[in-house]
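Reader: I would like to learn how to read strands and helices in a model. Could we go through one slowly?

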Amino acid sequence: MPTTRSWISRATWTTLTAAGLVTAGLTGYLSAAAGATHTGSPAPAESTTQAASTTSTDSGDRGPSGFHQSAPVTSAGTNTGAPAASTRGS
Amino acid sequence: MTVVLPAEPATACFEAIGTTNSIVATVPDELPDAVEIARAYLAALDLAASRFRPDSELSRLNEAARRGPVTAIVSPLLARLLDTALRVGRLTDGLVDPTVGAALVGVGYDDDLAAVLTREQLPARRPYPSLGWDRLRLDLRTRVLTMPRGMLLDLGATGKALLADDLARLLTRDLSGGFLVDLGGDIAVAGDLPQGGWPVGVQGPDGRCLQVVRSHGQALATSSTALRRWRTRDGVAHHIIDPRTGDSAEPVWQQVTCGAPTAVEANTATTAAVVLGEQAPQWLIRHGLAALLLRADGTLVRVGGWPQERS
């Protein structure tokens, strides 16, 4: 069984997750749609907005212009049976 | 002596966010919990970022931006989605742009795809060049977003890819074993690998499997100009917009598939490649990305170390 949520029930955990009260882990951001959107409300006076925030949680090796690098996928051959999943356009 | 063989990975499929999704778990007992978590996350994504449900945060922002400039405090999830979309805009010099919402409406994609495909009157096709991702401003600390009048957001290129990455990490953190998360073809994996890696098919637009590859931790994504197409009074349009023209990208490629460390990067690369058309192979190589491209005439092109088929 999971260790980090063994102290709460599955239903409770899911509820907390959906409410945005469980973090997504590596990123440190809350990861659900909690909180209201106040469309049209004025920004706080002390707010200093910035274009295209430079805050980043990226790490690891990067290529010449920003993409992280990894080894390519490998061929599975032709006699491998059904794949676990398929990537497809959507 | 009794030898306990590892169980086969177990798969669950479900519909959400307008597409078919699946979760594959190396430990079958963990699958029900994993699916429950995934459903909760996708419900949150839909509520935050759907362009087609009027009560979503994104729809309310877009509606407000039709009337005038918008300043709004957004939810943590939407802030994260927008931050990712802005980073992608910067990474691709605007080839993948979250502000193409108006262009999508202009080429006729103004409703759920099923409604677009079945409407009786064909829409006109009015290209609408992007206002530019760099005119969208987000303060991550306060979560204050500002949009100019007329800017409509669409997070279709990065939203579910980001959720696939997040879900794969989250499931591994809280459940045992390894997981493959497939959100409408955007695939992320995390945790234990099956022996030999995760076998993943690259499915062509006709449903045929073009090749099976193995992921050893890489994410995979595919962007297609042959799906999500509809007729307009001015020809056939599809859903991948070239922000420079505000029209559907030239369909040089039927689809592009890419492997990368994250589904966001894989989807970013495939979307940018479709937009770039003939320039895509050079761009992919320059960025160190492995990809499989399917030309309009059915020819397959492999770049950046994408594996050849082997028997």
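Reader: Which strands make up the open sheet of four strands, and in what order do they stand?

Author: Before the answer, a word on the source: this is a predicted model, in which local features need pLDDT of at least 70 and side-chain atom pairs count only at pLDDT 80 or more, while totals for chains, interfaces and linings use all residues. Residues are numbered from 1 along each chain as its sequence is written, chains are lettered from A and ligands numbered from 1 in the order in which they are written, and side-chain values use heavy atoms, with hydrogens and water left out. Helices (H or I, at least four residues) and strands (E, at least two) are DSSP runs, numbered from the N terminus, and two strands pair if DSSP finds at least two bridges between them. The open sheet of four strands has the order S1(A)-S9(B)-S8(B)-S2(A), and its pairing is mixed. Strand S1 (74-75) and strand S2 (85-87) of chain A stand at the edges with a single partner strand each, so one side of each is left without a neighbour in the sheet.

Reader: In which sense do S2(A) and S8(B) pair, parallel or antiparallel?

Author: S2(A) pairs with strand S8 (residues 198-203) of chain B in the parallel sense, over three bridges. Within this part of the sheet, Ser86(A) stands opposite Gly201(B) in S8(B).

Reader: What is the order of strands in the open sheet of three strands?

Author: In a regular strand the side chains alternate between the two faces of the sheet. The sheet of three strands, in chain B, has the order S3-S5-S4 with antiparallel pairing. Its edges are strand S3 (70-73) and strand S4 (137-139) of chain B, each with a single partner strand, so one side of each is left without a neighbour in the sheet. S3(B) is joined by four bridges to strand S5 (residues 144-147) of chain B, and Val70(B) has Met147(B) as its bridge partner in S5(B).

Reader: How many residues lie between S1(B) and S2(B) in their hairpin?

Author: Two residues lie between S1(B) and S2(B), and Ile17(B) in the turn has a positive phi of about 45 degrees. The strands, S1 (residues 10-16) and S2 (residues 19-25) of chain B, pair in the antiparallel sense over seven bridges, with Asn21(B) in S2(B) as the bridge partner of Phe14(B).

Reader: At roughly what angle do H1(B) and H6(B) cross?

Author: Two packed helices are described by the angle between their axes and the distance between the axes. Axes are lines fitted to C-alpha atoms, for helices over the stretch in contact, and angles run from 0 to 180 degrees between N-to-C directions. Helix H1 (residues 31-49) and helix H6 (residues 159-174) of chain B cross at roughly 150 degrees, and their axes come within 11 Å. That makes H1(B) roughly antiparallel to H6(B), since angles under 35 degrees count as roughly parallel, over 145 as roughly antiparallel, 65 to 115 as roughly perpendicular and the rest as oblique. Where contact means heavy atoms within 4.5 Å, residues of H1(B) including Ile37(B) and Tyr41(B) meet residues of H6(B), among them Leu163(B) and Leu167(B).

Reader: Which residues make the contact of H1(B) with H3(B)?

Author: The axes of H1(B) and helix H3 (residues 76-91) of chain B come within 9 Å and cross at roughly 75 degrees, and the two helices are therefore roughly perpendicular to each other. Ala44(B), Leu45(B), Ala48(B) and Ala49(B) of H1(B) make the contact with Leu77(B), Leu78(B) and Leu81(B) of H3(B).

Reader: With which residue does Arg51(B) form a salt bridge?

Author: Side chains of opposite charge can pair when their charged atoms come close. A salt bridge is a side-chain nitrogen of Lys or Arg within 4 Å of a carboxyl oxygen of Asp or Glu. Arg51(B) forms one with Asp154(B), the closest N and O atoms being 2.8 Å apart. Arg51(B) lies in the loop between H1 and helix H2 (57-67) of chain B and Asp154(B) in the loop between S5 and H6 of chain B, so the pair ties together parts that are 103 residues apart in sequence.
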